[in-house]
Every structure is written in C-alpha cells, then in structure tokens.
Amino acid sequence: MPEAISMQAAVRLAGLPAVDALAELQGSDQIAPDTAALVARHSLAAAGNPREAELLFALANTLHRATGESAEVEPWLHYAQGRLALLAGDLAGAEANLAAAGELWAALGETTSLARSGLGLTQILTMQGRFAAAAATIQTTIRALEQLDQRELEQELVLAAAQQNFATLLSYQERHAEALEVMQALRVTVEQQLAVNDDVAAQVELRALLGQLGIDAAVYQTYLDQPAEAAATLRIAIEMLTQADAHYDRGRAHTNLGHLYTRTGRVAEALREFNAAAIDILGTSEVDAVPERWEAADMLFLEQAIAHLSLNLLPEAAADLDRALALFEQSSQRYEWGQTIYFRALVALRENAVESARGQLEIAASLFAELDNHYWRNRVRVAQAVAAYQAGARDEAATLLATLIAEATASDQDAALTWDLSTRSEAVLLALRLALQRDDKPEARRLVELASGWLAAAAPTDAQALYPQLTLQVLHARGQVARAEGDLPGARRLFEAAMATLENQRAALPVEDFRTAFLTDKTAIYADLVLSLLDEPAPEENAVANAFAIVERARSRALLERLLVAVDESELVTDAPRAERSVAVRRQLTWLYNQLLGEGSTSRAASQAVTAEIRACESTLQRIEWQLAPWLAEAEPVTLDALQAALKETEQAIVYYCAGDEWMAFVVAAAEVQLVRRLCTDAEVKTALADLRFQLGRVEIGGHHIARHADRLLRGAQKALHQLHDLVIAPLVPFLHAEQLLIVPYGGLHLAPLHALWDGEHYLLEGYEVRYAPSASVELLRRRRVRPEPFDSLVAFALREPSIPQAEAEVRAAAHHFAAAQVFVDADARVEALRLAGTGGDVLHFATHGLFRPDNPFFSALKLADGWVDVRKIYRLPLRARLVVLSACESGAVQVQGADEAIGLVRGFLGAGAQSLVVSLWNVHDASAAQIMTDFYAQLMERRLAPSAALREAQRHAIQSGRHPYFWASYAAIG
C-alpha cells in the first residue's frame, strides 16, 4: 500500500470534489487498488468523526471504481462499511457487510483479514444477545489464527483482539473470573512481544493494546469486587495509552476509572475522571456543544449519570441517562440500554415517581431475562422491591426480598456470579427496615449481622476506604437495630460512628452543590443521633447541648462553609479561559431568558425550543461554575454555649428542627435554654403550610375580587396563620420573655412568614421584633463581621416595566433619606454598574424583577437592564453594602435541599458578605411594596432603627391600616 497517503492527506483529499481528488492522485501516480484499500482503512480510523469517516469511505469507493474494482479491495470496502454501520447502529447492515467481507477474504485465502470480519461479527452477535453464535464465530477465528505457522505482528494483534472479544463475551454472560483469566494470559503475551520488538511503530501499537487490555481487565476485576486491583490496572492502562497517544481509548480508561471511584464512594474523583474522559473522547468538557460527537461517548454518559445519581444530582443524572438511552437504542446495544433503563428507574424512585419507575423496571427485567443475564436481573428485582416499598406495598416488597435474600445467601457458584456485595446488601438492608417496622427485632438482628458479615469478608481491614457508602449504611442500620432492642447507649455510639463516616465522605466533596445534594437522603442519621441523645430514660446533663450541636451539623453547613471562602470576580483570572467562557454563556442565557419571558417569540414551539436551549446553556454554565468554585473548607458549627454568649438580654433564639416525624424547638436565652419537644408532627406542619399557601393564593387574584370579599379573605388568612401558630409558636409562648426573637427555621418553615402568625388577637410581630437566620452558626459568623456604623449611603437599581410601574418612585423615595445616593434606572441599571457601585453603598436596594427557580435554585436571579444576576454571580460581587433590600418578587423564596440548605437569592447575598437583608417571600403588589419601603426607610434612617425593627414598624403601619397579610407579611428581615 502506498505510504504516501497518510491519514491527514486522505482527509484533505476526501473533502475535495471527486474529480479534483482523482486529479491530485493521478498527478502523484497514486491511483491504485492499494490506495483505495488504505483509504478504506483510514475511514475506520476516523470512526470517532462520522462525517469525516463518511467522506473517506466515499473517496475509497471512488478510487475502487477508478482502478477497475479489484477483488482485493472489495472486501475492505465491505468491511469498512460494516464497521461504520455498526457505529451508526445499523446492526443488520453491519452484519451483512461483515459477512460479505468474510466470504470474499475466505475466497482469497486471507486468513488475517477473514479474522477481522470474524471479530466484527462477534461484536454484533454479542450486542444482540446471540451468545452461542458469537462464541462459535470467535472460537473459529481464534483457531484459524493459532494454526498459522508463523505470525507477523499484524496477525498477533488480530489474535489478541479475538481473545479480547472472547473475554468480553464471557463477561456479558457474567463469567468474569474466566474473562479475567483470558485477559491476564493475553497481557503477559503482549508484554513479552513489547519487550523484544524494537520497531517504534510496533511499540506504539503494543502499548495501545496493553492499555485496551487493562481497560477490559479492570471491568472484570470490578465485577469480582476487587476495586483496589481494578484501580491499579486502570492507572497503568492510562499511562500506556498516553504513551501510545491513543486519546479515545484513554478516554474509555478514564471513564472506567470514574465508574470505579463512583462504586467505591469517591465521587469527586470520579467526576474529575469523567471530565478528563470527555476531553479525550469529545475534544471538550462542554458536552452540549458537540452533539455530533455523542455517539462515541455513550458509556461516558451512562457512567457519569451513575455518579450524579450517587450525589443526588437528579436533573444532571436524568440528562446524562436520556442521552445514553437514545444512543444505545440507535446502536441496538440492548445490554447497555437495559442498564440505562434501570438507572433511569432509580432516578424516578428518588423523584418519588414510583409508577413510572415500576414501568421502567418491568422493561429492564424482561430484557435481562431475555438476555439470560442473572446479575442484572437481580439488580432490577431489588429495585422492584424498593419500588413496591415506596408505593406502600410492604407485603409485596417483603415477599420479593425473602426470595432474593435466599438466592443471594445460597452457597452455590451461581450465587457468587450473579450477586455483588452492593446489590445483596441493598436487599438485606431494605428487608431489615421492614422488619423494624413490624417490630421483628430478632429478624432485624439476623439481617444486620448478615450485611455486616458480608462487608467484613469483602474488606477485612479497610471497609471505609473500599466501601464507604455501604459502611455508612451498615453502621446506621446497626444503630437502628440497637435502638429497637433498647440499647440506647450502643445505638448512640453507632450513630456517632455513622455520622463521622458521613462527615468524612462529605468533606471529600469539593463544591457547595455536591455537599448539599449528597446529604439529601442521609439526614436521618443526624435525626436518629439527636433522638438517641434525648430519648434515654436518664439523659446526660449535657444531652440538650449535644443534641443542639448535632442539629447545627444537620443545618446549612454548606452555606456556612461558602461564607468562609468569599470569592471576588477578579480572583477568577487564574482560570481565565473558563472565566471568559462563563461570561459568554451568561450572555447567551440573558438573550434566551428574555426570549422566553416575552421579549421575543411567544409561540409554544418557540418556547419549547428556547427552554431546551436554556437547559443546555445552564448545564454548561453549571459545569464551568463547578470547576471555578473554590474548594470548601470543612466548617465546625457553633455550640449552644457560643449561641448563648452571643445573645443580648433583650433577645431569644428559637431554633426549630424536625427529627423523623417530630418537630421540636430550642428556645435559647443568654441565661437559659428550654428544649420543647413534640410540638407537632411533620404531616401537621405540611398541612398547615399548604392551607396558608392556598389562602394567600386567593388574594393573588387581585382586582375587584379583593374588594368584594375582603373580610372573608382576611378571616381565611388569619385562620391559616392561627393554625400554624398553634403548632409551632403557642407551645413556646410560656418560655418567651424577650423583646426580640431570632428565628432559625427548618424545612418548610423557611417559606413561612412566621412573624405574621396569628394568635387569635395579634400577629407575632406585634409582640416581638423578629429576625431570621439560616442557622445559628451562620448568624454568629455574621455577628462577628458586623460593622455597627450607621447607614449613610445608598445604591439602588430599578427597572420601569409594566408589571412594576412603581419601581423608580420606590428607589427615588428611598434615596431622599440618604446623604449620598446613586440611583440606576432602566438602561443605567447594568451588571457592570452593580459590580462597580456595589463597593460604595452602605445599603443596596433592588426594585427589579426577581426570578425564583425551584427547578434549579442556583439559577434564581435578579433582572438588570443587560442581564440576569444569579446566585453564583452574586457570590462573587465585591459587596460593601451591610444591608441589601430586595423588594423584587419572590426575592426571599428558597428551595430547601440536602441538610436544610435554603437556596435562593438570599443565599447569594449572604455569600457575598451582606450582613442584613430585607426580602420578599412571594410576589408583591407593586403599590403595596412602595408604601412598605417608604415606611421602612423612614424608620431606618430617621429613627435609626435596626433593619428588623424598621421593617416591623412599617408592617405595623400596614396592619393598623387594615391591610390583608398578603400585602405586608411577605417581607422578612434576615440578620
């Protein structure tokens, strides 16, 4: 074959019109059958770029016709067409072309090339689950190659590939130990060839092959519960593939190492591996920018989804799985498609979409039964038991789990091959939960010992390092069983060990989003520890203080840690390319938001397209932000003594917490602490909050409806506010004696106007000055940073739009109260103006639109003239203002995630350094907002009241004027 036709030259020629390409080849005397065959092989090397491969194949066909359609070239064209069809998902076309290539090579006596077609056919048959036919094909191929008297390097490589395929086939049938044995023997052979071969090109090929063998061997080691060995194998493979400059296969190795790290609980490391894989496979870490290359990244999407799922990043997991599903379906990869359906069902279960999950699991179960894959069938059946449990079908779940556990504990070889440690442990731990609910303590003890024994056998010395997630689950389960048996001290020790394990895992996660989401399904560990401290018949003297310390660990820790690493925008220059890309994506998002919210097309089809583009941009921006974000330190929450020491004689703190179904409150004063338990159940709080939302929603209708039904609307709201008051305030009243209340909400109470609760005669704020804080730890950090000087200067931003016509009047009225004021209206209210002016004012006021995003609260934003400023952007503002006033709609709305992390605009400004905020919990009537703000600033500046006191006076004026709570209760003071 003519060496002159390099890959690069062939690609260039393939991009030319056929006539011009032939003319160039004619001029260099390169029109020959060998050239056509070589270009066909180049098309295979370009498989990662479908368009390039298609052009190269077309050029090979053109050359074939121009050179008389040689019999030696014809099978190469069929082979290339078959392999490309396989990549495109056309299995029928692939099988037909590879079979044709094999027949032609057999007629020519080309054993090596015939073997190549056998490899391709084996892959197709395996993907279709036709394992017997695949085994016959690959074994015939291996025998033909082994019978050659002397094998050249090319033949050795083809034989190695055949043995590789045979090992893969064994693995698909869950015969992982046999597959690993084949692979290890093959690796020794290839290492021997590398040691004696001096040819540089041959060494590159052999190193690439060793890397590929390492990838496969690590898969089998992982399935055999040998994670440490698998990690070592993959690191060697990555080194080999780097030396061979084999980017695609190195990407596969990074993907598999990421899978292994996910499996062993090292999720932050897994995500770094997936990022490296994306760069190798797709050429960029911005996945949404290159959809045309996704075909090569199907397994990357699947594995990355599993990592996101383990962090409870459900939208990210769903997006990755949907990509993988489409790709596996397109390529008819049924085995991988079934796995993806299984994980999609797990996402649905986390989202409480139980019926959807059950339907998906039925599909996966049928597929794996058809493929005779017992390992994946068992994983699906355990998930079906979880789905039955979540659906309330406890008997169904128990029956299925009894069968599964009997199979998993069988001593035969099939049990060892079809169950891994994680799956059988999941079955046992769910059965244990059911046993505890039945109060069947002996069965619960049997099951927890079974799970503990399996874990100890798999990792006798280092279970926390190898199986951190399972270690955590087993410790928690042991504590629950000990508590059920009446051993509260033993339960407490086990819960403390579980919490320590959890805190270690959490500390390994670098960014706020990960730490927040990770705890979503693990807060019961903190709750169980709190209850074990408080429920002892003779609690220790410091039990309340210890319980408070645990509660603070279970509340807004990520926010506290974020406050300790405030980052100015200018500090991002160390990663200038990512920072610049972030700016560009934000600019695109601003345009898209404006399109969606009415400044562009409003047709439904256009809106759906814009929404899809917004999601893609937000996904890209989120990944960039994760990479730009500072690594959070691990913050130690404050103690009860520290909170008491910080409180003045005139104030008390109410710190709420919900442990399981029990609401409780710590009522804290400088000299005393009362823990009030069993305030109510969680169901009662949720019902009361739903009733309150309904009553407030009735007023949102506005117009003549309010005037006609004013008394009835007011009575309805007061009834709902009274109901919530009776649950969470009335039991505390005997212990309240201070003038000022610092309220630390929990869960749904973050969204409630607790200052407006009604006791039947008065609203709470009429008796107390109320301030809020996300946690006691955040409040004490804020107090250490407080500058007690008076407010002298104002920076204000307003947009005059039809829905907020009073915005300009509001900020100009506020400006009259300050000696120095900068007011930015409409076109002047720009993002850059905020960045510059934000360093200058004591008070920063926004009278613009606020957008709360419950689906993705970190993208909650304030609208300015030239863009939207979201939570992460706010974090990096060089903020000097000590008070931030957000009169925008829903500026105080939050989504509570993880361990009571309230995410919304408030979080952004606290993270930027604001000492106090005044915010709105729901959409505000514009004229009412203006009046509240006028009264607020009069009290703040003329009487020099604290922000919470000034807001209280403004709200009392509204109450005295007979206003419905909807129009004034939305405002809350934080800090």
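This is a predicted model: local features need pLDDT of at least 70, side-chain atom pairs count only at pLDDT 80 or more; totals for chains, interfaces and linings use all residues.
1. Residues are numbered from 1 along each chain as its sequence is written, and side-chain values use heavy atoms, with hydrogens and water left out.

2. Six cavities of 30 Å³ or more are found in the structure. A cavity here is a set of points, on a 1 Å grid over the protein atoms alone, where a 1.4 Å probe fits but cannot get out, and its lining residues have an atom within 4 Å of a point; a volume is the space filled by probe spheres set on the points, which are joined across faces, edges and corners.

3. The largest cavity holds about 220 Å³ of space, and among the 17 residues that line it, His 750, Tyr 772, Val 894, Val 906 and Ile 974 lie nearest its centre. Helices (H or I, at least four residues) and strands (E, at least two) are DSSP runs numbered from the N terminus.

4. By class, the lining of the largest cavity has 14 nonpolar, two polar and one charged residues, where Ala, Val, Leu, Ile, Met, Phe, Trp, Tyr, Cys and Pro count as nonpolar, Asp, Glu, Lys and Arg as charged, and the others, Gly among them, as polar.

5. The second largest cavity has a volume of about 150 Å³; 15 residues line it, and Glu 512, Arg 562, Ala 629, Arg 872 and Tyr 875 are the closest to its centre. Helices H27 (512-518), H32 (604-628) and H41 (871-875) each give two or more residues to the lining, with H32 giving the most, at three. This lining has nine nonpolar, no polar and six charged residues.

6. Helix H17 (residues 334-350) reaches 25 Å from its first C-alpha to its last, close to the 24 Å expected for its 17 residues at 1.5 Å a residue, the expected span being 1.5 Å times one less than the number of residues. Of those 17 residues, 14 are buried, and just after H17, Asn 352 takes a positive phi of about 65°.

7. Asp 320 lies in helix H16 (residues 314-330), and it counts as buried because its relative accessibility is 0%, buried meaning under 20% relative accessible area with a 1.4 Å probe and protein chains only. Not counting residues up to four places away in sequence, Asp 320 touches Phe 301, Gln 304, Ala 305, His 308 and Arg 623, a contact being heavy atoms within 4.5 Å.

Terms used. On a 1 Å grid over the protein atoms alone, a cavity is a set of points where a 1.4 Å probe fits but cannot get out, and a pocket is an open set with protein on both sides within 12 Å along at least five of seven lines; lining residues have an atom within 4 Å of a point. Buried means under 20% relative accessible area, exposed over 50%, partly exposed in between (1.4 Å probe, protein chains only).
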